[in-house]
Amino acid sequence: MITENPVDITSVLMDESAELSVSVTQIVQRLKGTHLHSQLEKQAKECLHKPEIKLETLKDDVRRLLKASGWERKLQNAVYRELHILPPSGHPRAPPEHTKEPLEYMCKAQVNWEKRILKSLNSMCTELGIPLARKRPVPEQKELTNKWNEMGTDEPGNADTNNLTCSRLHLDVLVGLRNPNNERSEDLTVRSHWGLIQVSLNVRDIPQMREMYPELGLTYGQLGIDDHTHVPPDLFESEHIHIGKKVVSEQDSAAAQQYSRQGCPTGLRAQLWSLILNTTNDPEDITHYEQLKARVINHDLLVDNLIYKDVKLTASNDDYYFVFEDYLYQVLLCFSRDTAVLEHFSYNSATPPKSCIQNSSGSEQCAMVYPPNGVIPFHGFSMYVAPLCFLYNEPSTLYRVFREMYIRYLFRLHSVSSHPSGIVSLCLQFERLLQTHLPQLFYHLREIGAQPLRIAFKWIVRAFSGYLSTDQLLLLWDRILGCDSLEIVAVLAAAVFAFRAENLMEVTSLASAEAVLADLSTLKVMPLLQIFLFATSV
Amino acid sequence: MSKNKQTAGHKGAYSSQRKKEGEGRSCIRYRCGLTNTIQDVLNQRPGWVEVKDDGEWDFNWCDVGWLRENFDHSYMEEHVRISHFRNHYELTRKNLMVKNLKRYRKTLEREAGRLEAARCDFFPCTFVLPSEYHIFVEEFKRSPGSTWIMKPVARSQGKGIFLFRKLKDIIDWRKDGSRSEEQKDEAQVESYVAQRYIENPYLIAGRKFDLRVYVLVTSYIPLKAWLYRDGFARFSNTRFSLSSIDDQYVHLTNVAVQKTAPDYDPEKGCKWQMQQLRQYLTAKHGFETVQTLFKEIDNIFIRSLISVQKTIINDKHCFELYGYDILLDQDLKPWLIEVNASPSLTASSQEDYELKYRLLEDTLHIVDMEGRLTGKEKRVGGFDLMWNDGPVYTDVGLEALGSSCLVENTLLDLEKCSIASLAHQWILCSEWVPSE
């Protein structure tokens, strides 16, 4: 930005403001069709009847009234939300694929990955002889309606699902990524990267993260550390809860996000997360959910089998999430049918799969997105929803919160992209942190054939869901929301290795290394993160 | 696997303590009548040696049958300890507990007024049959359509329990020819209670659950009781519905009953640790509500123990580990279902084994055969001293901040890991971090 040429400065500023106005236009465009817009219009019209309104100062008076009644805040929150999911603005001439993923080799890898998944899905279709989608006969519809709240008691129809993609395959794809522009040298030197990810992406190191996330620092109070029973609540906890209550009553999205960096109190977390994600529970949201439920009742999809299998294999076997089995079905089955999710593909490097769907008479064929939301579930997918069941038990609210979390953050964990919160960057960041700050450990593990990423990958893909105890997991996800980034997951993975470094230095095989890191349920997340980020010498 | 770190830390901490003069024993001889977790705990305790059959013992973990037969004929020296009180059934048999509680409540009402007595309203309306049959019928008729539960007084693990809504059902049951002679005889003696069924239990994801909490009593006069932090919630395997009162699997949450349910999956374990439950409830209802709930639960323990304080034969040789079963209703009111003198010590999973192991280990620490405690402790292992001839308050540096509020000394669940293991974690952290 520093330039001596005044013309340059102006043009930079003009570019910035041009960029800004493009964004503004985009957001305005997006908000125009929403329910909020019509509500605001209605409110504004109602304002006109108020005696305080004067024709001369119409605009200002209406604005003032809207502000006082809290509508301006709602609009602010909506704009804030749009900013979160606004695709990064690229060059005006760049094709839309570039906003999804600017690097070509990443695009190619993602396309290949998708092809493999589709192939697997298609073979499942032909092997088992089930159609991709089928309309349910009326008696079956009735039965499902009756059993809606206890689908967990059903046996999943089709047993075998080797076709449920697992994380090992996913990791192999990432390990195989190569940037054709880089010179490939097989020699292991101090300067080379020792890990599995062999592409060069811009990931933040510790000094940069300290700057980005100062609120995680040692001088700030943290829930997860300073709410420990031995610490008198007057020092931090009481005040923090008090502020939290204020944030909730003000209904301010941006403030909630900032607040959440220091953790959310258990009693306020559900409301705070709703606020950060700007999910509401208006009648229209409930109606939308009911519509999705109706779609589930009417049609059976092949991917439903993947969902059943996944839930039975993961969440139902978990010591704490088994209780929520029914909720998981209620959310995931609806999720598969929600076409609103397709919107996120404008900034997701992935492309929704299409399939030819024949109608029952076999005469018409049309290419349709399948499943309707474009997301094929994989092994562990239900673990994204499970922690939320601790916070929300109203199905439509639970659904909205999950969907919003997915389209903002979680989708990045299973598509190949160069985004800083994408799985590739997170893996690379993890490895770099480990190599920079624990080189002896990394080298040792490498030598015994226990590449750290092989162990940490499953934690990162699930954002630690199912590996940490639930209260710790929720504290971690507080920070994901607060920092608006998944980087914290990579940092925690490195911090866990640092914590168990002593034991890991003594192991001599991959199996023993896995054993040392098998049980994370006793870990306290925040001390580990703080020490790793702020007490490491750099 | 690496969970063992916690118990290891504990052992380390204790073995470094000095023994009190003249009270320490070099070898403690024990008898054990059970073959489950307690066997392992006693076996692995340093300096403890098992004696069989007629050998002299210093410590006896017995079952209630042995107690009934042998207690009165045994002479016990001063230092000897045994794991039951002679007439524990005053608290643990449903009909006697009801009788004692009702009597205590009456006394309280007379002495301290209705409001204070209302704090004893934590057990559902109960009648002992057949002696209170007529008052039961009166109450039954006063609330038509309500559901009642019939429980045998002295059975455990959910045996013999059924639900009913019509008087006809129990009249039929009494006349039921299909029951064995022995069962009929039992019915003649006062061995059943009819209790108002809690029709609106608190459900989590549509499932009913109850709480199991452990309380250790080392003396009744004066009353000294310890509360174990790691209780758990036991879930029913199927979704709750009042329409099928015949399905005992729905209504009974005992793990023993659940194990025989058709869709029971042993891999599944249907328990939540207290911390998970507390987390869940706090997220739903807020911190204050849950705080109040747990205070009310504490209240249940204390009042139930006080109600039998004068009836139980106090004996300095005796201690007892009770398993309390608590049920929550939809208004988050806790109800006392029953008290067990011999809570199950058989483990249903590895995690359960570790919990019970720690529980029993800490129990033995408090019984203190080795004479290591000073007697002033308020926390030993996972146990908090809940009542010591009066309420016990914690003394966590509040004086320093000038705060005048007293905080009760119980932390049911709030700490999952003990202080020792947290310190262990911090020490490891500081070892790794290079100094700046």
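This is a predicted model: local features need pLDDT of at least 70, side-chain atom pairs count only at pLDDT 80 or more; totals for chains, interfaces and linings use all residues.

## Helices α15 and α16 of chain A

In chain A, residues Y327(A), Q330(A), V331(A), L332(A), C334(A) and F335(A) of α15(A) meet P395(A), L398(A), Y399(A), F402(A), R403(A) and Y406(A) of α16(A). Sorted by class, this contact has 10 nonpolar residues, one polar residue and one charged residue.

Helix α15 of chain A covers residues 325–336 and helix α16 of chain A covers residues 395–408; they pack at an angle of about 55 degrees, and their axes are 10 Å apart. That angle makes α15(A) oblique to α16(A). The crossing in which α15(A) passes α16(A) is right-handed.

## Helices α12 and α20 of chain A

From α12(A), the contact is made by R269(A), W273(A) and I276(A); from α20(A), it is made by L474(A), L475(A), W477(A), D478(A) and L481(A). By class, the contact of α12(A) with α20(A) has six nonpolar residues, no polar ones and two charged ones.

Where in chain A is Y321(A) placed? Y321(A) sits in the loop between α14 (302–313) and α15 of chain A. Its relative accessible area is 2%, so Y321(A) is buried. Leaving aside neighbours within four places in sequence, Y321(A) is in contact with A315(A), M383(A), A386(A), P387(A), F390(A), S465(A), G466(A), T470(A) and L473(A). K246(A) is 75 residues from Y321(A) in sequence, and the C-alpha to C-alpha distance between Y321(A) and K246(A) is 31 Å.

N503(A) belongs to helix α22 of chain A, residues 501–505. With a relative accessible area of 32%, N503(A) is partly exposed. N503(A) and L517(A) are 14 residues apart in sequence, and 9.6 Å separates them in space, C-alpha to C-alpha.

## Chain B overall

Chain B has 436 residues, of which 54% count as buried. Its secondary structure comes to 15 helices and 19 strands. Among contacts in chain B between residues at least 6 apart in sequence, 67% join residues at least 24 apart.

Chain B exposes about 20,300 Å², and carbon and sulfur atoms supply 51% of that area.

## K356 of chain B

Helix α14 of chain B, residues 350–367, contains K356(B). Is K356(B) buried or exposed? At 3% relative accessibility, K356(B) counts as buried, given that buried means under 20% relative accessible area.

Not counting residues up to four places away in sequence, K356(B) touches T37(B), Y214(B), K271(B), S344(B), L345(B) and T346(B).

## Cis peptide bonds

In chain A, the peptide bond from Y370(A) to P371(A) is cis, with omega near -10 degrees. P371(A) is placed in the loop between β4 (365–369) and α16 of chain A.

In chain B, I221(B) and P222(B) are joined by a cis peptide bond whose omega is about -5 degrees. P222(B) is found in the loop between β10 (207–219) and β11 (224–228) of chain B.

## Positive phi values in chain B

What is the phi of A205(B)? Phi of A205(B) is near 50 degrees, a positive value in a residue other than glycine. A205(B) lies in the loop between β9 (203–204) and β10 of chain B, and at 7% relative accessibility A205(B) counts as buried.

D368(B) has a positive phi of about 55 degrees, although D368(B) is not a glycine. The loop between α14 and β16 (379–380) of chain B holds D368(B). With a relative accessible area of 17%, D368(B) is buried.

How values were computed. Residues are numbered from 1 along each chain as its sequence is written. Chains are lettered from A and ligands numbered from 1 in the order in which they are written. Side-chain values use heavy atoms; hydrogens and water are left out. Axes are lines fitted to C-alpha atoms, for helices over the stretch in contact, and angles run from 0 to 180 degrees between N-to-C directions. Helices (H or I, at least four residues) and strands (E, at least two) are DSSP runs, numbered from the N terminus. Angles under 35 degrees count as roughly parallel, over 145 as roughly antiparallel, 65 to 115 as roughly perpendicular and the rest as oblique. A crossing is left-handed if the near helix is turned anticlockwise from the far one by less than a right angle, and right-handed if clockwise. Contact means heavy atoms within 4.5 Å. Ala, Val, Leu, Ile, Met, Phe, Trp, Tyr, Cys and Pro count as nonpolar, Asp, Glu, Lys and Arg as charged, and the others, Gly among them, as polar. Buried means under 20% relative accessible area, exposed over 50%, partly exposed in between (1.4 Å probe, protein chains only). Accessible areas come from the Shrake-Rupley method with a 1.4 Å probe; for residues, only the protein chains shown count as cover.
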